[in-house]
Amino acid sequence: MNKLKVLVLSHTGELLGGAERSMLDVLDLWSAQHGINPTFILKQPVESLGKALSGRGWGYSSFDYGFWSDNSPPKYPEDIFRNAARNSETVRGIMTIIEDTKPDVVLTNSIVCPWAALAAHFQEVPHVWFVREYGDLDHGRKFEIGQEKTLRDIGNLSDLVVANSKTLESHLAQYIDQNKLTTLYNPFDLEKISARAKQAVKNPFKFNDSLKLITTNNIAPTKGQLEAVEAVGKLNQAGSNVEICIMGTGHQGHIDNINKVVRQYSIEDKVHLVGSQPDTLPYISLADVGIMASRKEAFGRATFECLAASKPVVGANSGATPEMVEHGVNGYLYEQGNSDSLATELKNYLQDKSLLEIHGQKALPKAQDMMKSEYNAEALYERITQVATSNNSDSSVDVADVSKKQPIHYLSRWFDYVMAGGEAMDQAHTFTFRRIILFRLKLRLKKPYLYLKSLKSRLE
């Protein structure tokens with residue numbers, strides 16, 4: 001067949017996290033090698049991701065949609081009903097786009113919303129789902145229909161499900177047919193990573209003889225920055241000289257908790273919060289060791305970038321981190337959630353600093369091996385091409401049975417949404433006019449309030 005026509009749903013309109021950056025890495029490679037020109041569905045408001053797509057000459061449409069897994073799902077009947085109405089409108093809108101553009105395949109990026117998958121299901125177009133997180137185990141999200149039914153729906157709504165690590169693929173295999181599962185290691189350009197790491201930036205570290213640590217995830221309780229700072233505090237309290245650079249933005253409450261620990265151990269000159277930066281790699285090059293303290297990382301873009309920059313990593317022994325960090329070879333693994341365990345492993349480098357070079361020399365080869373493995377973007381492109389051509393009766397490609405005649409558990413929620421609308425109308429009869437106005441005003445102001453709050457956090 002000719003080059004694939006691809007429609008992609010992103011769960012956000014911003015270019016902040018690893019999920020969006022990883023998807024662009026894949027599509028950039030396919031664009032260069034196969035000439036694809038993808039179009040996108042973005043969540044409103046459209047911000048930096050829209051600019052990134054426009055800069056590539058890629059088009060997009062935007063909709064105001066919510067999620068089927070969230071940290072704070074709607075709980076009031078009217079809120080539930082209104083959220084369902086805009087999600088239904090999104091599905092209908094994507095169906096229209098599919099009718100008009102006739103893509104060969106629809107891709108969904110991230111686990112958090114099924115709207116493109118449902119639209120592809122109704123239009124009988126092949127669908128591929130890129131799963132880049134656990135959802136609940138790593139980010140604490142609550143699944144609207146429960147974890148098991150959600151993951152089974154991801155499989156039933158898809159012709160192919162792509163995990164970003166073998167560890168995550170094994171987790172998904174509990175709920176999804178193994179024939180539909182594959183793994184893709186994100187296609188990093190190692191030469192570009194090396195060049196980017198050499199760019200000049202202001203050095204955040206203050207002491208020449210210190211052990212210099214860095215963590216580059218967004219700041220959140222699930223990412224373990226508090227745990228890392230506690231370990232730094234304990235090591236300095238014991239007489240060592242250890243610094244840590246913390247990159248990224250996050251909820252101010254969690255940043256306040258980090259600062260409390262900083263004051264508790266009197267390490268104000270050893271902990272450097274530098275916010276979000278255009279590129280993490282120049283800062284990584286200034287550090288000795290990367291820290292991956294996440295509760296359960298599905299892949300760990302930050303881990304890979306440290307290894308690719310020839311830096312050893314001390315990471316939590318959970319999620320996919322052990323897939324990249326070999327204990328005592330290119331770093332160390334510690335007990336997740338235990339700052340004492342993290343401090344113990346860091347002592348290895350304090351006691352013998354030659355290990356920094358020894359482990360650093362093993363870091364880049366591990367990254368190179370991952371990029372040369374069978375789980376690469378070119379192999380995946382061939383697999384997706386097979387999925388797209390399997391719907392063509394003239395195709396002779398032998399692919400797994402991908403019948404979509406499986407139960408879609410989420411569709412039963414539409415009955416609940418209608419009932420929620422009825423409850424909202426019943427409640428309206430008992431509400432005073434003033435209460436209705438205040439309640440609806442609160443709903444209308446919630447989105448701009450959350451947006452301004454996140455913007456304030458990013459600016460700080």
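Which residues in H8 meet which residues in H12? Leu190, Ile193 and Arg196 in H8 meet Phe304, Glu305 and Ala308 in H12, where contact means heavy atoms within 4.5 Å. This is a predicted model, in which local features need pLDDT of at least 70 and side-chain atom pairs count only at pLDDT 80 or more, while totals for chains, interfaces and linings use all residues. Residues are numbered from 1 along each chain as its sequence is written, and side-chain values use heavy atoms, with hydrogens and water left out.

**Overall make-up**
- The secondary structure of the chain comes to 18 helices and 15 strands; helices (H or I, at least four residues) and strands (E, at least two) are DSSP runs, numbered from the N terminus.
- Of the 460 residues in the chain, 53% are buried, a term that means under 20% relative accessible area, with exposed being over 50% and partly exposed in between (1.4 Å probe, protein chains only).
- Among the contacts in the chain with a separation of 6 or more, 71% are made by residues 24 or more positions apart.

**The sheet of 7 strands**
- This open sheet has the order S3-S2-S1-S5-S6-S8-S9 with parallel pairing, and two strands pair if DSSP finds at least two bridges between them.
- The edge strands are S3 (60–63) and S9 (181–183), each of which pairs on one side only.
- Neighbouring strands of this sheet are turned by 20° against each other on average, direction ignored; axes are lines fitted to C-alpha atoms, for helices over the stretch in contact, and angles run from 0 to 180 degrees between N-to-C directions.
- Helix H2 (residues 48–55) packs on the sheet, touching S1, S2 (39–43) and S3, and its direction makes about 170° with that of S2.
- Helix H3 lies across S1, S2, S3 and S5, running at about 160° to S3.

**Strand S1 and its partners**
- S1 pairs with S5 in the parallel sense over 5 bridges, and Val8 has Leu107 as its bridge partner in S5.
- S1 also pairs with S2 in the parallel sense, over 3 bridges, and the bridge partner of Leu7 in S2 is Thr39.
- Both faces of S1 are covered, with Val6, Val8 and Ser10 buried on one side and Leu7 and Leu9 buried on the other.

**Nonpolar cores**
- A nonpolar core is a set of buried Ala, Val, Leu, Ile, Met, Phe, Trp, Tyr and Cys residues joined through side-chain atoms within 4.5 Å; the largest has 43 residues, of which Leu9, Ile41, Ile94, Trp115, Val131, Ile154 and Leu172 touch the most other members.
- The elements giving two or more residues to this core include strand S1 (6–10), helix H3 (77–101) and helix H4 (115–123).
- A second, separate core of 31 residues includes Leu211, Ala231, Val289 and Tyr332.

**The sheet of 6 strands**
- This open sheet has the order S12-S11-S10-S13-S14-S15, again with parallel pairing.
- Strands S12 (271–275) and S15 (331–334) stand at the edges with a single partner strand each, so one side of each is left without a neighbour in the sheet.
- S10 (residues 211–215) and S11 (residues 242–247) run parallel and are joined by 5 bridges, and Leu211 has Val242 as its bridge partner in S11.

**Packing of H8 and H12**
- H8 (residues 190–197) and H12 (residues 301–308) pack at an angle of about 80°, with their axes 10 Å apart.
- H8 and H12 are therefore roughly perpendicular to each other, the class for angles of 65 to 115 degrees.

Technical notes: Parallel < 35°, antiparallel > 145°, perpendicular 65-115°, else oblique.
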